[in-house]
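Dear colleague,

Please find below the structure I am handing over to you. My findings follow it, and I would be grateful if you could read them alongside the coordinates.

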Amino acid sequence: MSSSRKSRAAGLPAPSTTLVLDNGADTIKAGFVTGDTTDGPRVIPNYLARDRHRKTYVGSELEKCRDFGELAFRRPVEKGFVVSWDAQKEIWDREFFDDKAPQRCDPSETRLVLAEQPNGLPALQTHCDQMVFEEFGFASYYRGIGPAFNAYQDIQAIFQTPRSPDTPVDVPAEVILLIDSGYSHTTVTPIVQGRPLHQAIRRLDVGGRLMTNYLTRLLSVRHFDMRNETFIANEMKEAVCYVSLDFKGDLEKTWKGTRGERREDYLTGAGIAKDYVLPDSHTTFHGVVREYEPGGDSSRARKAAVATEDVLTLRNERFVVPELLFSPSDIGMRQPGLADLVMQSLSALPIGLWPGLLANIVVVGGNARLSNFIQRLQMELLERVPDECVVRVARPEDPVVSTWLGAAKFAKHEHVERLAVTKQEYDEHGAGWVARKFAAGLGVDA
Amino acid sequence: MNNFGVIEIASTTTKNTPGWAYVPDTGPALPAALQPTNRKRAARNQPALSLSDLSAREENKIRKDLEALDRDNHRDANIAIPPRPAGSKAQNKHTPNVRKILQSQKTFANHLDDYQAMLALAESNPAAAAAMNAAQAKPSTPTAATPKSASPAPAAPSAAGASKRSAAAAKRAAAKEKQEQEKKKARPTPKPGPEPEAEAEPPRPQEQDDVEMTDANNPDAQPAPTPNTEAALQSYPRESLILPAYAKPPPQAHPGDADPLLASYIPPFPTDDELRALMTAPPLSYLEARATWGEEERRYPVRVFCAVCGYWGRVKCMKCGTRVCALECLEAHKEECVTRYGL
C-alpha cells in the first residue's frame, strides 16, 4: 500500500471529476461527482434496439423512437456482466466520449467508479479492466460490487428510524442486508461496515427479464401472440403487476369457476381484474391501464368496435408473474424463493449477526418498485426467523438509482482514495494485480 | 402414440441394470461401467423416488421452457452497430488486448464454460497448480476455513454446505491465481512489482492464526457457548473494534427486567476475529453463489397450475399429463393437445 501511495504522490494528483456508472443489464445509471457537487444520475437504456422499420437506436436515442412495436434488442450486458464489449463501447462512446455526447467527459482527467454484480467471472472482470484503461484511458478507476455501494447511503433515513437530528450518520452503514433485484437476477448481500461478506452472497436467477418473458408467454397462450412485443409486455408488467399478499385468496378470486359457472368475483373483477389498452402504433404508443368494466364482453366488444382498440383483461397475470420471485418452482426452477434465499444467506453467517442484518434489510433494483414487494418479503421472513428478531424491510425512494446514489457518496468518501487504481499503476503492474487489488477490497481496519 | 404405459424417471442416482437403460451423460464413461456386474434384482434396488422427482420428459420440457424464458428476443436478431453520426471521435488504434476483446463473439455461456473448464483443469492437475502458486494460494485458505470452525453454525446441513463452498472457493482462488500468472507471463513487459501480493492483501494480524489453532486443537473442550459464560463475555456492551457497541446510555431499567419469562435471549456475538475472517474471505464463484434447493424445498411437491387459465392444476390431461383446472379448461386444452412422444 505504501509504495502505491508514493507512486500516486509522485504522479498526477487524483482527478477532481468522477464518472459514476452503474452499468445495468437494462439501463445505465450515469452521472458526475465533482468535489462536493453531484449531478443526479441519467438513466440510459443500455441496449441497441431495432424497430420494425429496421431503424436502429443506440442507448438514449430510444427517446426518438415512437413506435415500440416489434422492437428487437441487442444487449451488451448478459446476466449482469458486460460480455459484448463492441456494443457496450458504442453506447459509452455515444453517451460519454463523443464530441456531441450528452454527458461528455475526458477520460484522461476523470476517475471512473463502476458498479458490477457480485461473483463475476475473472475473465470478464479482466476484460473490463483492460477496456477501461487501454481503450478509454481513464486516469483512475475502481470497480466495486454494486450492492456494497448502497452502504454509503444514509440507510437509517430509508428506514425512517426515529433519531435526534444531531445523531451522526454512519457512513458506511454498520450492518445491512441488501437485496438487489434487477433485470437479470436477484442477489442477497450481507454488508458489514461497507465490506460485503462474500461467503454469504447468494443469487436467485429470477429477474425482470424472466418475469417479462413469463408475462409474454401467459398472454400469448390466453389472448394473442405477444412474443415479439417484449417492450410492450415490459411496460405492461411495470404498470399492472403487483406482489400478492394472499396468493391463494387472490387466485380464488380470479377463477372463473367450473363449467357453466361464472363466479361473482370473476364477473365483478374483485378489484383485481384490470383492462389494459394496447398501443395501436398509429395514434397511441404507450399502453393505458383502465378499471375493469364488469359489463362483460358484450359491452366491451361494442365499444371496441367503435374505438378499434385492443383491450386485454388481466386477472391472475397481475400477481402470478411477480410470484416467481417468491416461488420460482412455479415454473419448475429448482431454486428457493426470495425469503428462503435470505435464510440460506444468513445460515452461512454466525447467529450473532442475524438480528442486525434482519433489522436492516434494504431492497433495491427495478423489481423493488412492484407494489407490496417489501410487505410480502417481511411477512415471509417473519414466518422463518426466531420470534425475538425484529424484521425491518425497506426500499429507498427510487430503488433503481439507489446503487448509483450510494456509489456517488462513495466517490466522495475517503475509501475511494484507498481503493482506486491509477493508469500508471495499471501500466506498471498489469491487469492481474488490479484484479487482485479490487478483489481484496478494503480489508478490515477502519 | 402410446408409449405402453412406461414412464421414464430421471433421478439423480443411476443404477446399473441388465439390458439397457437411459443414463445421464455426465462425461466420458468407462466401458466397464456400462456393463453391470450384478444383474440380480437390480430393478427393485432402485432408490426411492421423492415427490419432487420428475420424469425425463417433464424435465426436458421444463428445461426448454426456462431457456425460452431467458432469451432477450423471441426470434434471433442480429443487430449491427449503426454507423456513427458526424462529429464522432476519430477511430484510434486499439491495443492487442482491446482488439481481442472487441472481436470476441463469445456469449456469457461460453465464458462460463471456459471458466468451468479451467477449474476442472486445476482439479485434475492440482499438483502443478499448487506448485505454481504455493505462496499465493496459502493466505486464502485459512480465511476460507475459519467461518465454519469458529462460528456457531445454526444447522448441520448449512455448515456442510458452507464448508463445501469455502473449499471450492479456495480451489478456485488457486485456479484464478494460475490464470493470472499465465497472463502475466504472456504480457510483453512483465514487471514484477515489489511484492504486489503484499500490497493487495490486507494486513492480516498474527493473533488470528493463534485463535484458529486453539479452536482446532480442542474442539471438544468448548462444546457450545453456554449462555452464562460465553454469552456474558460476548454480549453487546463488549470490546469490538469492527462493530463498536452502542454508545448511548441504555434505556431505563424496568422492574420486569429480571423476570426470567421476559428476559430475551441474545445470541453470542461473533468476535472480531470471526468478523475479520468473514470480511476478508474470497468471493465465491458464479456457480457457487447460485442458490439451490435445500432439504426443506425438496420435501414438498411443487405447486402446479392450470396451463390454460392459471388456477390450480387439479386435473391431468390423460393424453399428455398437462395440468388443467376443470372441464372447461380441459376441453380448451384438448383442442390442441399434442401427444407426440418426447416433445
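Across the interface of chain B and chain A, 32 residue pairs are in polar contact, both residues of each pair being at pLDDT 80 or more; please note that this is a predicted model. Helix 8 of chain B (residues 156-186) supplies ten residues, the largest share of the side of chain B that touches chain A. Sorted by class, that side of chain B comprises 55 nonpolar, 29 charged and 23 polar residues.

The charged pairs were counted separately. Between chain B and chain A there are ten salt bridges. One of them joins Asp72(B) to Arg209(A), where the closest N and O atoms are 3.2 Å apart.

As to the extent of the interface, 107 residues of chain B are in contact with 106 residues of chain A. The area buried between the two chains is about 10200 Å², and carbon and sulfur atoms give 56% of that area. In chain B, the residues that lose the most area to chain A are Leu69(B), Ile79(B) and Tyr286(B); together they account for 8% of what that side buries.

Finally, there is an annotation to record. In an unreviewed entry, UniProt lists residues 303-330 of chain B as "domain: HIT-type". In the model, the end C-alpha atoms of residues 303-330 of chain B lie 18 Å apart, and this span is 14% helix and 14% strand.

Yours sincerely

Notes: Residues are numbered from 1 along each chain as its sequence is written. Chains are lettered from A and ligands numbered from 1 in the order in which they are written. This is a predicted model: local features need pLDDT of at least 70, side-chain atom pairs count only at pLDDT 80 or more; totals for chains, interfaces and linings use all residues. Side-chain values use heavy atoms; hydrogens and water are left out. Contact means heavy atoms within 4.5 Å. Buried area is the accessible area (1.4 Å probe) that two parts lose on being put together, summed over both. A salt bridge is a side-chain nitrogen of Lys or Arg within 4 Å of a carboxyl oxygen of Asp or Glu. A polar contact is a pair of N or O atoms within 3.5 Å; within protein, one must be able to donate a hydrogen and the other to accept it, and residues adjacent in sequence count only if both atoms are side-chain atoms. Helices (H or I, at least four residues) and strands (E, at least two) are DSSP runs, numbered from the N terminus. Ala, Val, Leu, Ile, Met, Phe, Trp, Tyr, Cys and Pro count as nonpolar, Asp, Glu, Lys and Arg as charged, and the others, Gly among them, as polar. UniProt positions are given in the numbering used here, feature names are shortened, and annotations may be inferred rather than shown by experiment.
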